[in-house]
Amino acid sequence: MVSSALNGLFAGLAIAVLVFIPSAAWNDGSQLMMELERGMPARAPVEVLRARDHFRHRRILQGAAPSSYGVVDFPVEGSWNPFTVGLYFTRVKLGNPAKEFYVQIDTGSDILWVTCNPCNGCPTSSGLNIQLESFEPDKSSTSSSISCSDQRCTSAIQTGEATCSSSDSSSSPCSYSFQYGDGSGTSGYYVSDTLYFDTVTDNEQTLNSSATIIFGCSNSQSGDLTKSDRAIDGIFGFGQHELSVISQLSSAGVAPKVFSHCLKGSNSGGGILVLGEIVEPGIVYTPLVQSKPHYNLNLESIAVNGQTLSVDSSVFTTSNTQGTIVDSGTTLAYLAEKAYDPFVNAIVASASSNLVSSFVTKGNQCFVTANRIDEVFPPVSLNFMGNASMILKPDDYLIQQGSAGNGIIWCIGWQKNDGQGITILGDIVLKDKIVVYDLANQRIGWTSYDCSQPVNVSTSSGKNEYLNSNQLDTSASNKYPTLRLPSAVAIVVHILVATALFL
């Protein structure tokens with residue numbers, strides 16, 4: 001989390017770059033002139049993005065769909081771009097009467113929690129131009145509290161997702177308290193209530209569905225969670241533990257034990273999020289590492305421009321202190337310390353030297369070029385167990401920082417995980433790809449994709465098509481239901497993530 005009081009630091013970034021740039025030059029010796037090109041406050045430096053993700057990492061908590069399942073569709077808003085929003089979020093409806101909440105899409109945690117009323121320190125407005133809401137259990141006719149004697153609470157205590165002190169009676173509420181590395185935190189208690197969602201069946205019908213789930217009711221927030229700049233109503237954890245929504249719905253037989261997303265990488269943002277399996281040609285799968293609390297994958301090597309980095313494979317071996325995690329709640333990507341310098345050096349060595357000038361500022365490798373980045377910078381391949389490679393384009397590892405004369409400034413968006421053996425693949429990598437989390441078969445799959453286009457989502461048979469606002473197109477002839485994005489996804493550019501991200 002990043003404080004909204006960082007606005008003043010943008011000026012520092014602009015000054016730092018302006019001071020540095022004149023000392024750099026094109027290959028022909030001409031000087032570089034810097035100008036910011038977006039009509040918004042200056043970009044936040046990488047250090048703040050890194051800090052935000054570091055704190056967010058501290059927040060990380062410790063099969064194919066049966067034919068009877070339909071596809072559950074959640075809307076997606078937000079963007080990976082640290083200068084616009086810096087996160088992806090969706091909407092959920094809870095309670096009776098139903099109330100809608102904006103929650104971050106987070107594959108790095110398990111619990112769905114929303115702000116409740118009353119709440120100490122919880123923001124009441126958001127720089128994202130969304131209307132914040134609070135859940136009031138006593139005003140929902142279907143709400144009930146979860147007590148310490150509830151078996152589900154006992155199970156959650158064992159995974160660190162719930163607390164009940166020895167002095168609590170059996171009727172005391174099942175509580176939680178999540179503390180984050182930046183000193184912020186949230187605490188509350190668990191409630192049971194109705195979640196409403198749209199299900200598209202294999203006979204082309206959209207059903208208004210519902211299920212009773214357990215979720216967190218936050219009555220206290222502290223630190224940066226109290227700030228309004230990037231405030232949302234809560235977090236939607238998509239982990240595998242028993243209290244995650246995906247686990248609860250699959251156990252209840254109302255949704256498959258698989259979910260998929262396709263996050264748009266454009267500035268307009270948005271995307272697709274379904275409880276179901278997106279089925280497209282070219283998806284490759286790699287097994288999940290077993291008995292891990294996060295979505296850990298076996299990364300075996302990294303290649304830049306077809307050349308494998310000279311990094312010992314043991315650097316990527318999964319252990320308690322090493323491994324590769326897929327996390328949609330992280331903005332950037334973080335490489336294990338021993339792999340970072342070889343990666344950056346390979347990018348620099350492979351870039352077309354006659355088309356780019358390079359420089360380092362505040363420890364970050366940056367470049368200036370007047371050409372398209374795919375003409376200048378090399379492709380990168382992340383090679384996972386099972387011969388599953390994730391091919392990355394330059395905009396999957398570079399971030400646009402501004403302009404210099406006729407050129408554009410790009411900086412490496414991947415960060416060194418100092419002193420750590422953990423590699424974390426955040427939204428900068430996950431965007432513009434279909435990603436399938438097949439929990440039934442304990443595997444994750446992906447393929448590059450234009451996420452503004454329709455996707456095929458598997459059901460038992462037949463053909464369905466989501467159109468704008470989930471309207472069905474009965475003329476569709478696809479084997480699978482086709483999910484389409486709204487024709488215009490309204491994503492507002494906000495200062496809050498600009499302040500939260502590139503300082």
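F377 touches I347, A351, V356, F367, T369, P394, Y397 and L398, leaving aside residues up to four places away in sequence; contact means heavy atoms within 4.5 Å. The model is predicted: local features need pLDDT of at least 70, side-chain atom pairs count only at pLDDT 80 or more, and totals for chains, interfaces and linings use all residues. Residues are numbered from 1 along each chain as its sequence is written, and side-chain values use heavy atoms, with hydrogens and water left out.

**Nonpolar core**
- F377 is also among the residues with the most contacts inside the largest nonpolar core, together with F343, L382, I412 and W414.
- This core has 84 residues, and its largest share, 6 residues, comes from helix α5 (residues 337-350).
- A nonpolar core is a set of buried Ala, Val, Leu, Ile, Met, Phe, Trp, Tyr and Cys residues joined through side-chain atoms within 4.5 Å.
- Buried means under 20% relative accessible area, exposed over 50%, and partly exposed in between (1.4 Å probe, protein chains only).
- Helices (H or I, at least four residues) and strands (E, at least two) are DSSP runs, numbered from the N terminus.

**Disulfides**
- The whole structure holds 6 disulfides, each a pair of cysteine sulfur atoms within 2.5 Å.
- Counting bonded cysteines along the chain, the pattern is 1-8, 2-3, 4-6, 5-7, 9-12, 10-11.
- C116 and C217 are joined with an S to S distance of 1.7 Å; the torsion about their S-S bond is about -125°, so this disulfide is left-handed.
- That pair links distant parts of the chain, C116 in strand β5 and C217 in strand β9 (residues 206-222), 101 residues apart, and both cysteines are buried.
- The sulfur atoms of C119 and C122 are 1.6 Å apart in another disulfide; C119 is partly exposed at 23% relative accessibility, whereas C122 is buried at 13%.
- C153 and C174 are bonded at 2.2 Å, S to S, and the link is right-handed, with 90° about the S-S bond.
- C153 sits in helix α3 (residues 151-158) and C174 in the loop between α3 and β7 (175-179), 21 residues apart; both are buried.

**Backbone exceptions**
- Most residues other than glycine have a negative phi, and most peptide bonds are trans.
- The N96 to P97 peptide bond is cis, with omega near 5°; P97 is in the loop between β3 (87-94) and β4 (99-106).
- The N117 to P118 bond is likewise cis, with omega near 5°, and P118 is in strand β5 (residues 112-120).
- N129 is not a glycine but has a positive phi of about 60°; N129 is exposed at 58% relative accessibility.
- K362, also not a glycine, has a positive phi of about 50° and is partly exposed at 47%.
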